[in-house]
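Hello,

Here is the structure for your pocket and surface work. My notes follow below.

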Amino acid sequence: MLTFYLKNPDYDHYWFFDDDGTRVFSIAQVSSDVYIGTEAVDKDLFIRVNDGGSVITALAFDASAAGAATFNSNITFGDGHTIGNDGDDNLTIASSANENIIIDSADDIILDADGGDVIFRDGGAEKMRLD
């Protein structure tokens, strides 16, 4: 049986969801910040949405992997930049028009291509190849 505590006498700004006495989920308000979380050890948090009539997991947090996040599809930033999949299982990092992609490191930058080639292109045309 699912039990919902809207006002827990021990915690003024916490809302708990218990299932047969086991705390499974909480929502907390601390200093005007809102926290949503699982309460059981190593249980994951899934954000699901209805996409055109099909329920999908849009985002999953893996509690046993320190909260590693898995997105179901691309990540789009507010200014149009994306990190995602090009449809052929290739990772893409794309910027908006007239904006740069900057890779900056205080140490080495390593490109490791197990296919053997590192290819530089401009507008789709190959400009340089390292093999």
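**Hairpins, patch and pocket**

Strands β11 and β12 run antiparallel and are joined by five bridges. Strands here are DSSP runs of E with at least two residues, numbered from the N terminus. Two strands count as paired if DSSP finds at least two bridges between them. β11 covers residues 118-122, and β12 covers 125-130. Phe120 stands opposite Met128 in β12. The two strands form a hairpin with two residues between them. Gly123 in that turn has a positive phi of about 60 degrees.

Before you go on: this is a predicted model, where local features need pLDDT of at least 70 and side-chain atom pairs count only at pLDDT 80 or more, while totals for chains, interfaces and linings use all residues. Residues are numbered from 1 along each chain as its sequence is written, and side-chain values use heavy atoms, with hydrogens and water left out.

β5 (residues 45-51) and β6 (residues 54-62) run antiparallel, with seven bridges. Phe46 faces Ala60 of β6 as its opposite residue. Two residues separate the strands of this hairpin, and Gly52 in the turn has a positive phi of about 65 degrees. β6 also pairs with β7 (residues 68-71), antiparallel, over four bridges. There, Leu59 stands opposite Phe71. This hairpin has five residues between its strands, and Ala66 in the turn has a positive phi of about 60 degrees.

Then the open sheet. Its three strands have the order β8-β9-β10, with antiparallel pairing. β8 (75-76) and β10 (91-94) are the edge strands, each pairing on one side only. β9 (residues 82-85) and β10 are paired over four bridges. In β10, Thr92 stands opposite Gly84, and Ala94 is the bridge partner of Thr82. Five residues lie between β9 and β10 in their hairpin, where Gly87 has a positive phi of about 100 degrees.

Now the surface. A nonpolar patch has about 1100 Å² of accessible area together. Its residues are Phe77, Ile83, Leu91, Ile93, Ile101, Ile103, Ile109, Leu111, Phe120, Met128 and Leu130. Patch residues have over 30% relative accessible area and no salt bridge, and nonpolar side chains (Val, Leu, Ile, Met, Phe, Trp, Tyr) are joined within 5 Å. A salt bridge is a Lys or Arg side-chain nitrogen within 4 Å of an Asp or Glu carboxyl oxygen. Areas are Shrake-Rupley with a 1.4 Å probe; for residues, only the protein chains shown count as cover.

What lines the largest pocket? Leu91, Thr92, Ile93, Ala94, Ser95, Ile101, Ile103 and Leu111 do. Six are nonpolar, two polar and none charged. The volume is about 350 Å³. A pocket is an open set of points on a 1 Å grid where a 1.4 Å probe fits, with protein on both sides within 12 Å along at least five of seven lines; lining residues have an atom within 4 Å of a point. The volume is the space filled by probe spheres set on the points.

Best wishes

How values were computed: Nonpolar A, V, L, I, M, F, W, Y, C, P; charged D, E, K, R; others polar. Patch = residues over 30% accessible without salt bridge, like charges linked within 9 Å, V, L, I, M, F, W, Y side chains within 5 Å.
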